[in-house]
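Morning, everyone. Please bring up the model on your screens, and I'll walk you through a few residues.

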Amino acid sequence: IAARNASQPIRAGIRPEDLALVPADDPLGIPVRVLVREPVGSDVFLTVAVGSSQWTVRAPGDCPLNPG
């Protein structure tokens, strides 16, 4: 795709269910801050701040994280 559209900007997308929560000391983790918690049945969607961006993470409904 990039070679075909090299002269045009492209965007990559990450689905919320493809992100995983890991312990804060995991060397492969990215530090985030939870902004919003949205329970949806057996799951919860977390809106997190990553630098100046916001991402959505899909997590199990018993995830203990809350905004703050």
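Start with Thr 47. Is Thr 47 buried or exposed? Its relative accessibility is 13%, and the cut-off for buried is under 20%, so Thr 47 counts as buried. Remember that this is a predicted model.

Where does Thr 47 sit? It belongs to strand β2, residues 43-50. Set aside the neighbours within four places in sequence. Thr 47 then contacts Arg 33, Val 34, Leu 35, Val 36 and Glu 38, as well as Gln 54, Trp 55 and Thr 56.

Take Val 36 from that list. Val 36 lies in strand β1. Its relative accessibility is 36%, so Val 36 counts as partly exposed. Not counting residues up to four places away in sequence, Val 36 touches Phe 45, Leu 46, Thr 47 and Pro 67. Look at Val 36 and Leu 46: they are 10 residues apart along the chain, with their C-alpha atoms separated by 5.6 Å.

Now the core. Which residues make up the largest nonpolar core? There are 8 in all: Val 34, Val 44, Leu 46, Val 48, Val 50, Val 57, Ala 59 and Cys 63. β2 gives the most, with 4 residues.

One core member, Val 44, has these contacts beyond four places in sequence: Arg 37, Glu 38, Pro 39, Val 57, Arg 58, Ala 59, Pro 60, Gly 61 and Cys 63.

Last, confidence. The chain's mean pLDDT is 90, and 91% of its residues reach 70 or more.

Definitions and conventions
Residues are numbered from 1 along each chain as its sequence is written. This is a predicted model: local features need pLDDT of at least 70, side-chain atom pairs count only at pLDDT 80 or more; totals for chains, interfaces and linings use all residues. Side-chain values use heavy atoms; hydrogens and water are left out. Helices (H or I, at least four residues) and strands (E, at least two) are DSSP runs, numbered from the N terminus. Buried means under 20% relative accessible area, exposed over 50%, partly exposed in between (1.4 Å probe, protein chains only). Contact means heavy atoms within 4.5 Å. A nonpolar core is a set of buried Ala, Val, Leu, Ile, Met, Phe, Trp, Tyr and Cys residues joined through side-chain atoms within 4.5 Å. pLDDT is the predictor's confidence in each residue, from 0 to 100.
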